[in-house]
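This briefing covers selected features of one predicted model. It takes up a loop residue, a helix residue and the nonpolar core in turn.

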Amino acid sequence: MKKTNDITQEKLADAFKAERPHLLRYACYRLGNEDDAKDVLQDTFLRLHTRIADADDLQINNLRSYIFRTFVPNGRRMPTKSKPSHWT
């Protein structure tokens with residue numbers, strides 16, 4: 001089977017690096033902790049890297065959107081930072 005995926009690991013790394021500040025800001029907002037946010041980003045990158053490396057027929061028209069769509073479900077699994085007591 002011929003591989004039709006034209007997204008290389010280098011393209012993924014470049015795109016992820018460009019979007020990292022936005023992703024990190026969102027994860028820090030959700031978690032309230034930069035170290036945990038960085039862990040979530042690393043997990044997201046590894047998931048993307050594996051998915052792209054293993055896919056034979058993955059068609060990605062917009063890599064930026066694909067990164068965010070992969071990150072958001074991963075981010076939803078994050079525990080949220082605790083809410084101040086006056087919010088309850």
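Q59 sits in the loop that runs between helix 2 and helix 3.

- Q59 counts as exposed because its relative accessibility is 56%, and the cut-off for exposed is over 50%.
- The C-alpha atom of Q59 is 7.9 Å from that of D6, although 53 residues separate the two along the chain.

Nonpolar core
- The largest nonpolar core comprises 20 residues, and I60, L63 and I67 have the most contacts inside it.
- At least two residues of this core come from each of helix 1 (9-31), helix 2 (34-54) and helix 3 (63-76).
- Helix 1 is the greatest contributor to this core, with 7 residues.
- Leaving aside residues up to four places away in sequence, I67 is in contact with L12, A15, F16, L23 and L48.
- In soluble globular proteins, nonpolar side chains tend to be buried together.

Helix residue T70
- T70 is part of helix 3.
- T70 has a relative accessibility of 4% and therefore counts as buried, the cut-off being under 20%.
- With residues up to four places away in sequence again left out, the contacts of T70 are T44, R47, L48 and R51.

How values were computed: Residues numbered from 1 in each chain as written. Predicted model: local features only at pLDDT ≥ 70, side-chain atom pairs only at ≥ 80, totals over all residues. Heavy atoms only, no water. Core = buried A, V, L, I, M, F, W, Y, C linked by side-chain atoms within 4.5 Å. Buried < 20%, exposed > 50% of the residue type's maximum accessible area, 1.4 Å probe, protein only. Helix = DSSP H or I, 4+ residues; strand = E, 2+ residues; numbered from the N terminus. Contact = heavy atoms within 4.5 Å.
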